[in-house]
Amino acid sequence: MSDWAKTQKNQTNKNIGKMSDDASKFLGGILGDISSRSAYAQIGIGAAAGWATGFATMKVGKFAAFAIGGGIILMEIAHQEGVIEIDWSKICRKLDKVTDKVEEAVTGQEKSWVDKAERSLDRKLDRAEELIKNKTKKAKKWYSTLIGDENGPKINDLHIFLTAFIGGVALGIASS
């Protein structure tokens with residue numbers, strides 16, 4: 001690195017340090033020792049800080065909810081289209097372990113072997129039922145019973161309502 005670049009870098013670092021010192025002096029002057037101020041000033045500063053925190057939390061929360069919800073929807077669409085394959089039994093097993101740990105932490109007692117056997121048997125029966133249903137679904141595509149018959153989709157009032165409802169919810173979330 002040349003001497004000129006080093007000098008510029010050092011100068012930039014000094015400017016940044018000076019700006020942060022100025023900002024801390026500014027905020028320190030405004031917020032400083034709030035307890036020495038009048039009750040009205042304390043209420044005003046508290047209300048402004050609460051409003052700013054609430055506003056920032058609302059914006060971040062909406063973005064997080066939108067991102068997580070959108071991700072879940074995209075994952076489900078990809079799963080339905082066959083792009084990805086989700087091992088639901090593995091997810092259920094891991095979820096069972098987590099819920100067992102949470103229940104043990106909350107109640108202080110471990111699950112009995114009867115409860116664990118019941119859950120395992122319930123999962124096996126669900127899997128058997130799913131396999132039987134999948135055999136019948138191989139004759140038709142998954143959407144034929146939902147939106148029409150083998151000849152193609154048939155739009156009805158429910159589809160129009162659901163499309164308008166989902167669009168309205170999306171506009172409401174995006175605009176607020």
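**Notebook: burial, salt bridges and surface patches**

I began with burial: of the 176 residues of the protein chain, 4% count as buried. For this I took buried as under 20% relative accessible area, exposed as over 50% and partly exposed as in between, with a 1.4 Å probe and protein chains only.

I noted the ground rules next. This is a predicted model, where local features need pLDDT of at least 70, side-chain atom pairs count only at pLDDT 80 or more, and totals for chains, interfaces and linings use all residues. Residues are numbered from 1 along each chain as its sequence is written, and side-chain values use heavy atoms, with hydrogens and water left out.

**Entry: overall layout**

I looked up the secondary structure. The protein chain has six helices and two strands. Their order along the sequence is α-α-α-α-α-β-β-α. Helices (H or I, at least four residues) and strands (E, at least two) are DSSP runs, numbered from the N terminus.

I then checked contacts, meaning heavy atoms within 4.5 Å. Of those in the protein chain between residues at least 6 apart in sequence, 16% join residues at least 24 apart.

The accessible surface of the protein chain is about 15,100 Å². Carbon and sulfur atoms hold 66% of that surface. Accessible areas come from the Shrake-Rupley method with a 1.4 Å probe; for residues, only the protein chains shown count as cover.

**Entry: salt bridges**

I searched for salt bridges, each a side-chain nitrogen of Lys or Arg within 4 Å of a carboxyl oxygen of Asp or Glu. The structure holds three.

I took the pair of arginine 119 and aspartate 96: their side chains meet at 3.8 Å, N to O. This pair links distant parts of the chain, with arginine 119 in helix α4 (residues 113-137) and aspartate 96 in helix α3, 23 residues apart. Aspartate 96 counts as buried because its relative accessible area is 14%.

Arginine 123 also forms a salt bridge with aspartate 96, at 2.8 Å, N to O. Here arginine 123 in helix α4 and aspartate 96 in helix α3 are 27 residues apart. Arginine 123 has a relative accessible area of 35%, so I logged arginine 123 as partly exposed.

Aspartate 100 and arginine 119 make a salt bridge at 3.0 Å, N to O. Aspartate 100 sits in helix α3 and arginine 119 in helix α4, 19 residues apart. Aspartate 100 is buried, because its relative accessibility is 19%. Through shared partners, the salt bridges join Asp96, Asp100, Arg119 and Arg123 into one network.

**Entry: surface patches**

I used patches made of residues with over 30% relative accessible area and no salt bridge; like charges are joined within 9 Å, nonpolar side chains (Val, Leu, Ile, Met, Phe, Trp, Tyr) within 5 Å. Lys and Arg count as positive and Asp and Glu as negative, without His and the chain ends. Each charge is placed at NZ of Lys, CZ of Arg, CG of Asp or CD of Glu.

I found a positive patch of Lys90, Arg93, Lys94, Lys97, Lys101 and Lys124. Helix α3 (residues 88-107) gives the most, with five residues. Lysine 94 lies in helix α3. Lysine 94 is exposed because its relative accessibility is 52%.

I also found a nonpolar patch: Phe66, Phe161, Leu162, Phe165, Ile166, Val169 and Ile173, together about 710 Å² of accessible area. Helix α6 (residues 157-175) supplies the largest share, six residues. Phenylalanine 165 lies in helix α6.
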